[in-house]
Amino acid sequence: MRVGAFLLSAQFPGQSHGEALDRTVRAAVEAERAGLDNVWLAEHHFVPYGVCPNAATLAALLLGRTRRIGVGTAVSVLSTTHPVALGEQAALLHLTSGGRFTLGVGRGGPWIDLDVFGGGVDAFERGFPERLDLLMRWLRGSRVGAEGPQFSFPEVAVVPRATEPLRRPGLGSWLGLEESAALRFPRQRQDAEPLNTDPLNIDPPGDDLTTAGRPVAGPPVIVACTSPGGAKLAAERGLPMLLGMHSGDEDKLRMLELYRAAWLAAGRSEEQLRRVTRQHVAAGVAQVEDRSSTARATLLNAMPGWFEYGLGAHRTVDGRERKMRDPREYTELLCDLHAVGTPRQCADRLLATAERTGIRRFALLAEGSGDHQATLHNIARLGSEVLPQLS
């Protein structure tokens, strides 16, 4: 099982944008220290629900601040981004991080963002498949052109090319030293686990495989799926799913069955399906406390106000009516569905989902308290008290 922190850069009432972003950066560094496998970054526009407007840009900063942990977007919104521009960013991060970057993409929502960035409602309602296909051709090819209703341009060279073999830096590179220099280090105490200077072995996004069982060439790509149409599209493209926080185990099973049916209808095998199933990611919530009642109270004291403040700020692109969940009821639902409670209860919840659904990758919202130090402490406990119980 692989467990990561899901960081929305949430601006809780009374906090500044800078405070929310600083908490995200420090939480990512703490996640690496705590032994988590990944951090996943969200992006939003014009709302305090999340104040990171570009997850790939923030991923670049965090890849530079860390050395082992994987960093992914959950998600980069294709409806408001040119697929080639995003593909260039993803290739850059993939090559310069030694393969630690994962690109998560989604179509987003019917928000005013579509007007601001020029995609319009059509980009959201009908344009996602074309945008995803263009992105994948860019990430897996060497020359790409387009002749579609949204994008049309002559063939150009892909630079940088994400499919190039990864450079595996030695210790000198990690320390910012020239590889040609003779490196001499004092004798140091031998730790229980020897230093491994190959980032592909330290945190192996390298267990991401193509449907044929070969290592992925270029950054792994995952698709946010919140509807049957999303699951079908991901399966047809051979890409794993990212399932949302609102999904319980029954919801996950329904999406997995829809995915399976579309997968087999596309002519792929059960063996290929087993491989990709290991790459699905489930988003959730984690709050680790000594008592279950304390964990729930922590989230119920903070998250409803954030939901009302953050989600309530969304504006639709065309004035369409939108319905918002009751913030407290939604928080209670998340507490019921996810890893909220004692370390043993959190581990049991994750293990139960893994056994029931086969999903073994998790992106867990760790900042639900809204407090800077409490978030870091929550991540530390997730690493030291929950992860050891998952092996």
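## Charges over rings

A charge is taken to sit over a ring if NZ of Lys or CZ of Arg is within 6 Å of the ring centre and within 35 degrees of the ring normal. In this predicted model, R107 lies over the face of F124, at 4.1 Å from the ring centre, and the charged end of R268 sits over the ring of W263, 4.8 Å from its centre.

## Basis of the values

The model is predicted, so that local features need pLDDT of at least 70 and side-chain atom pairs count only at pLDDT 80 or more, while totals for chains, interfaces and linings use all residues. Residues are numbered from 1 along each chain as its sequence is written, and side-chain values use heavy atoms, with hydrogens and water left out.

## Aromatic pairs

The structure holds seven aromatic pairs, a pair being two rings of Phe, Tyr or Trp (its six-membered ring) whose centres lie within 6.5 Å, with planes under 30 degrees apart counted as stacked, over 60 as edge-to-face and the rest as tilted. F46 and F117 form a stacked pair, 6.1 Å centre to centre with 15 degrees between the planes.

F307 and Y330 form a tilted pair, at 5.0 Å centre to centre and 45 degrees between the planes. Ring pairs also link F12, Y49, W306, F307 and Y330 into a cluster.

## Surroundings of A74

A74 is buried, with a relative accessible area of 10%, where buried means under 20%, exposed over 50% and partly exposed in between (1.4 Å probe, protein chains only). Leaving aside neighbours within four places in sequence, A74 is in contact (heavy atoms within 4.5 Å) with F6, W40, L41, A42 and L242.
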